[in-house]
Amino acid sequence: MLDYGFDASFLEKGYRVVCGVDEAGRGPLCGPVVAAACVLPYDCVIEGLDDSKKLTEKKREKLFCEITEKALAYGIAEASPLEIDEINILNASLLAMRRAIEMLGEEYAPDLVLVDGNQTKGFTQNALSVVHGDAVSQSIAAASVLAKVTRDRMCADLEEKYPGYGIGGHKGYPTKAHKLAVYRLGPSPCHRKSFLAFLERDKEKLAAWDAEEKLKSNG
């Protein structure tokens, strides 16, 4: 449950701007990892806000509008599939977070960053890791919603650009249907090559799935 006094407690300790950051899309096989940074007013209360994974798509969309209206500043950034392959998903997630913070501008440049998770590598600002922060901090939860909604919208665009993979439905996550589509069609340009070891590791299982699906369609 969100603690609406959590972020404010740091302002009371003398910090001028407290920012929450979170990412969406660490687990999918394709698409960028997206991060958001959000600075909320001292006395802001956004009813119904929670970890984005616990909310329905409709609720996230509604909250996205409210967050962007009420936030003092926010930034949304990404790290590409190529960057993920080059520096690994953890470093790419942190890179996207730092990019999102840079978008806040000078007026709301944070002197404390609340980071969801347990990593703060590479931040130039004071940074505090908050495990399960999107269930504790309002600004992290807000960043979680901004990142998730943005990435889901990107997946809808990828669905149109690369049809046949079902990206708009599974959002790039490694579902059976997604893995089978990659097996049949090969990776698209938006797929993360470093996430596709299953093509070789599970090739017998994939071939069995493929045969099973063909039998169903012919039956």
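View 1. Helix α5 (residues 138-161) lies across β1, β2, β3, β4 (112-116) and β5, and runs at about 35° to β1. Contact here means heavy atoms within 4.5 Å; axes are lines fitted to C-alpha atoms, for helices over the stretch in contact, with angles from 0 to 180 degrees between N-to-C directions. Helices (H or I, at least four residues) and strands (E, at least two) are DSSP runs, numbered from the N terminus. This is a predicted model, in which local features need pLDDT of at least 70, side-chain atom pairs count only at pLDDT 80 or more, and totals for chains, interfaces and linings use all residues. Residues are numbered from 1 along each chain as its sequence is written, and side-chain values use heavy atoms, leaving out hydrogens and water.

**View 2. The open sheet.** Five strands line up in the order β3-β2-β1-β4-β5, with mixed pairing; two strands pair if DSSP finds at least two bridges between them. At the edges, β3 (73-79) and β5 (127-130) each pair on one side only. On average, neighbouring strands are turned by 20° against each other, direction ignored.

**View 3. The partners of β2.** Strands β1 (residues 18-24) and β2 (residues 33-39) run antiparallel, joined by five bridges. Look for G20 opposite C38, and for E23 with its bridge partner A35. β2 also pairs with β3 in the antiparallel sense, over seven bridges, and here V39 stands opposite A73.

**View 4. The two faces of β2.** V33, A35, A37 and V39 point one way, while V34, A36 and C38 point the other way.

How values were computed. Buried < 20%, exposed > 50% of the residue type's maximum accessible area, 1.4 Å probe, protein only.
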